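Welcome! Please take a moment to look over the sequence and the 3D view before reading on.

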Amino acid sequence: MNQQGDSRLDDLFIRYWDNALAPAEAEELARVLECDPVARDQFQLLSMQAVAAAELPPYIPPQLDRQNLPAPAPEEVTSKARRGWSRRRLLTAIGGGLAAGIGGILAWRFGRGEEVNRRVKLVSAQGGVVLRDAAGNVVPTLGRILSGTTITTQGFSANAVLQYRDGSTICVLGDSAVAVHDDGDQIQLLQGTATASILPQSEPEGRPTLASQLVTLRKVSGAFVTLAQGALTAEVEVHHGTVAASHPSGEPMAVVGTGEVLTIRGDGEHQMRRTPPTPDSFNWDFNRPSPGGWKVGSRGETPAGPMIRPEFWPDPFYKGTEMYQIRSEQPWARGWFRLQTESTIRVRYRVKKTGAGQLCFCVRRDKLPSSETGMLEYNGDFVAAEAGEWQWLTVHPSEMLANRYSPRFAAPWVAFLVIFNTYESDLGLEIAEFRVTPPELPHGADAP
Amino acid sequence: VRACGFQGRETRMTLEPDAVVQVLLRQRLRITALAASVVRDVHAADDLFQQVVLAALEARGEFHDADHVLAWSLRAVRHRAVDWTRRRQIRPLPDEILDLLEAPSGDPVGILLSDRGEALHHCLSLLAPSARGLLQMKYGEGLTAPAIAGRLKRSADAVYQSLSRIHRCLRECVERQLHGANAPVGEATS
């Protein structure tokens, strides 16, 4: 099919969808689909476009407002008119491509005689997404969002998006879990990270409360905020708007505004500061007794200074296969560092025996809000030197794009997860330095 | 996957429910799109997909592998979609064409469809709000082009042309995404 033919099929598809094909046009469509495999491929893709487009938020033309929006005449609305919230719906998701090959499904369905969540729906899921009801049972298939449902995302690139009727969204990111209560009025972050983009709400009852173990954000309205709950601390980072943070007891804590981040410790102590920008230069400080940022890996000492060793750890990307890895924490919102294609990454390492390994960064778009992620991978050998000498690995992000999950968005990228992996072989890897420098700085310059 | 059967005899692998679900999750867009292409109603297609998933779980002991699940599901949703159109006296596509649209899951077209699904959602996000709105009115709200035209104070032909242009822009954007480029969708506005 040529471009003219492509456009003709688009026209026929749209009219076919409206049951508005003349008999000759119906015959033409049937003939094209029967004889041309490319046309059939295009027809399938058009159908996919229709399915995906059906999940877009409602649109109000700018020349109209909600009060004056005209309803179409009954004879113009076919039986396939959009059903209201009283009918069950199935919301779509993109098939997984970045995670372990597991796609996600959006589902929202009313059960017979069961309490259901009518206000918020699961509209997108990527990667490993599991729904469990209040009893802990896995909700099969398309999952109903009942009150008390827990949504768990697994994997660095997994995410699930909850959407309210007005288009406000809550995105559950990476290895995280949230519980939905009271028709979406209460969202409990059980672990991990979630971003909330809540449109201005004129009525107080329309404002959701977001909470984690250590902090509660009540009646959020007109704000874009990231909430993170780790093992020891919680963080509230406001990208836009203002939120009122309080202790779980209800005692007021702080008002957090645009560009501010509130960090809360397990004992309730909290600190507020301006949100530091994601740096373009980075130098991991292994001198700290408990170096911040390593979730998997053990710190050790060498005569030349501290270093990090891998731990034998079940990697969910490889279906729980235990591998020797060093993994950072995942500060999704702020990230560890920003990468350009020609940034320079330098790693000082040594191994006891040469073997295959990889250095990986999980990255997201530079600008929020966005849940898109990708992977930068360096795959090569960690080379053992004589007498246990240290080696330098130098690589640029432009050399780390040859993998299936490379980001489908341009640089700059914000790296929020760093992984060293030697798979199932213990090479005796030790990492003593990890530096990132932007393209304009020579690699010897000190990073801040 | 759980093996069953006596040691030494040929074993038949059956899929656990979670495995069946995950296959259907991965192929959800493709299966629903097949149903939607028949019934021309996305929400009805969604319901049909749900029915197929439940039926697949009931029949999970019959599936050998993921390809089997997909092939079975495509056939099942097609039958349900055709029944749906007949109950509503809507003429479906001819059987020989539906046979062709049910491409085997292992062929290159099947692989491309799953990758294109991911690229498609990205490209939808790049559309101008008015273009997204036009698509949502058409396929989400189920409005005909004349109904949309009445709402937007435009002619039906203009709406048809806009929709055609948007579909083409999405197709081109998806192709660019699949080939590594990261160009914007273009002037896909209504």
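This is a predicted model: local features need pLDDT of at least 70, side-chain atom pairs count only at pLDDT 80 or more; totals for chains, interfaces and linings use all residues.

## Aromatic groups

Over all chains, the structure holds 18 aromatic pairs. Take Phe63(B) and Trp72(B): their ring centres are 5.3 Å apart and their planes meet at 75 degrees, so this pair is edge-to-face. Phe63(B) counts as buried because its relative accessibility is 0%, while Trp72(B), with a relative accessible area of 24%, is partly exposed.

## Charges over rings

Arg346(A) lies over the face of Trp392(A), 4.1 Å from the ring centre. Arg348(A) has its charged end over the ring of Trp390(A), at 5.0 Å from the centre of that ring.

## The nonpolar cores

How many residues does the largest nonpolar core have? It has 81, and Leu135(B) and Tyr139(B) are the ones with the most contacts inside it. Apart from this core lies another, made of 37 residues, including Ala125(A), Leu131(A), Leu162(A) and Val236(A).

Leu135(B) is worth a visit in the viewer. Leaving aside residues up to four places away in sequence, Leu135(B) touches Ala53(A) and Leu56(A) in chain A. In chain B, its contacts are Leu124(B), Leu127(B), Gly140(B), Leu163(B), Ile166(B), His167(B) and Leu170(B).

## Helix α4 of chain B

Helix α4 of chain B runs over residues 66-87, which gives it 22 residues. From its first C-alpha to its last it reaches 32 Å, close to the 32 Å expected at 1.5 Å a residue. Just after the helix, Gln89(B) takes a positive phi of about 55 degrees.

Among the buried residues themselves are Val69(B), Leu70(B), Ala76(B), Val77(B) and Trp84(B), along with Ser73(B), Arg78(B) and Thr85(B).

## Helix α2 of chain A

In chain A, helix α2 spans residues 23-35 and has 13 residues. Its reach from first to last C-alpha is 18 Å, close to the 18 Å expected at 1.5 Å a residue. The buried residues of α2(A) are Glu25(A), Glu28(A), Leu29(A), Ala30(A) and Leu33(A).

Notes: Residues are numbered from 1 along each chain as its sequence is written. Chains are lettered from A and ligands numbered from 1 in the order in which they are written. Side-chain values use heavy atoms; hydrogens and water are left out. Rings of Phe, Tyr and Trp (its six-membered ring) pair if their centres lie within 6.5 Å; planes under 30 degrees apart count as stacked, over 60 as edge-to-face and the rest as tilted. Buried means under 20% relative accessible area, exposed over 50%, partly exposed in between (1.4 Å probe, protein chains only). A charge sits over a ring if NZ of Lys or CZ of Arg is within 6 Å of the ring centre and within 35 degrees of the ring normal. A nonpolar core is a set of buried Ala, Val, Leu, Ile, Met, Phe, Trp, Tyr and Cys residues joined through side-chain atoms within 4.5 Å. Contact means heavy atoms within 4.5 Å. Helices (H or I, at least four residues) and strands (E, at least two) are DSSP runs, numbered from the N terminus. The expected span of a helix is 1.5 Å times one less than its number of residues.
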